[in-house]
Amino acid sequence: MQPRNMSMNGVVDLAAVKAAGEAKVKAEQARAESARSGGGGAVAPSALVIDVDEAGFERDVLQRSSEVPVVIDFWAEWCEPCKQLGPLLERLAIAYNGRFVLAKVDVDANQMLMQQFGIQGIPAVFAVVAGQALPLFQGAAPEAQIRATLDQLIQVGEERFGLTGLVVDGEAGEGDVAEVPAGPYDALLSAAVSALDSGDLGGAIQAYRNVLADDPGNPEAKLGLAQAELLARVQGLDPQQVRKNAADNPKDVTAQIAAADLDLVGGHVQDAFGRLVDAVRVTAGEDRDAARLRLLELFEVIGADDPRVTAARQALARVLF
């Protein structure tokens with residue numbers, strides 16, 4: 001369960017796309033055979049991250065997606081979260097070694113593509129597999145969740161379409177791609193990812209807090225902590241009972257907060273925000289402050305640039321002032 005848009009694979013349930021395992025095996029065999037034969041179609045690592053515009057979109061994305069999943073990063077120079085997400089996606093494109101290609105689209109220069117994909121906020125990340133577009137997530141996200149989505153995407157490409165990916169030329173020169181240095185907190189962030197993968201939410205929370213103790217503004221740690229804490233809060237809750245309590249007691253802030261957490265984890269972002277805005281409107285004192293603070297925490301989970309967060313902030317301001 002990964003609370004991002006919500007979850008990252010909640011918009012398009014990639015894991016639900018089932019196909020015979022035989023296609024996956026054949027894809028692996030074809031990839032291995034291509035590598036053994038010298039990779040006649042081998043590409044340099046620099047070809048794994050490309051800039052795409054409207055004129056080259058059909059060639060660089062649609063046609064290319066018949067042999068490898070293409071992940072599209074819609075970004076803009078003025079977008080601060082884009083400056084954090086973009087380098088992470090570029091690093092992962094190199095790390096996945098030809099399993100997917102990253103196509104970067106500057107929305108300011110390519111308004112038509114932005115409209116065709118129905119994008120309302122950036123950063124926004126889509127994938128194209130065998131000519132089919134799949135929305136992945138919007139806003140910045142922790143590396144662990146991005147990796148999980150990429151793994152599912154690659155699995156779909158292999159199992160449903162038999163995509164083998166690209167063979168990357170191991171003899172590429174040093175100028176083909178800039179080496180991505182490890183960040184100062186990579187070990188701690190990796191520990192958080194490992195804890196999340198094993199279901200150790202407490203360990204993940206502590207690992208993210210360790211990063212923030214030294215670097216309070218670290219965006220990946222802030223986002224990861226908000227999401228891990230959300231998952232920890234809903235763990236063990238009885239959804240039916242929580243929702244009944246909230247419906248029976250509209251002025252019970254504790255009940256509304258618990259229901260809002262479940263709303264968000266279930267992908268009902270606007271319901272979660274609306275529930276807490278209403279709680280702020282009908283309460284006062286400590287109860288009102290508790291609802292307001294939880295709403296601000298949920299904004300952290302989704303990301304400040306998400307249009308739903310912007311709308312909810314405006315609604316909150318109206319009931320406060």
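Author: The model is a predicted one, and its aromatic pairs number six. In one of them, the ring centres of Phe74 and Phe126 are 5.9 Å apart and the planes stand at 85°; because an angle over 60 counts as edge-to-face, the pair belongs to that class. This pair joins distant parts of the chain, since Phe74 lies in strand β2 (residues 70-75) and Phe126 in strand β4 (residues 124-129), 52 residues apart. Phe74 is buried, with 0% relative accessibility, and Phe126 is also buried, at 12%. Another edge-to-face pair is that of Tyr96 and Phe100, with 5.6 Å between the centres and 65° between the planes. Tyr96 has a relative accessible area of 11% and is therefore buried; Phe100, at 1%, is buried as well.

The nonpolar cores come next. The largest has 31 residues, and the members that touch the most others are Leu230, Leu264, Phe273, Leu295, Leu298 and Ile302. Two or more residues of this core come from each of α8 (219-234), α9 (239-248), α10 (253-265), α11 (269-282), α12 (285-302) and α13 (307-320). Apart from neighbours within four places in sequence, Leu295 contacts Phe273, Leu276, Val277 and Leu316. In soluble globular proteins, nonpolar side chains tend to be buried together.

Conventions:
Residues numbered from 1 in each chain as written. Predicted model: local features only at pLDDT ≥ 70, side-chain atom pairs only at ≥ 80, totals over all residues. Heavy atoms only, no water. Phe/Tyr/Trp six-rings, centres within 6.5 Å; stacked < 30°, edge-to-face > 60°. Helix = DSSP H or I, 4+ residues; strand = E, 2+ residues; numbered from the N terminus. Buried < 20%, exposed > 50% of the residue type's maximum accessible area, 1.4 Å probe, protein only. Core = buried A, V, L, I, M, F, W, Y, C linked by side-chain atoms within 4.5 Å. Contact = heavy atoms within 4.5 Å.
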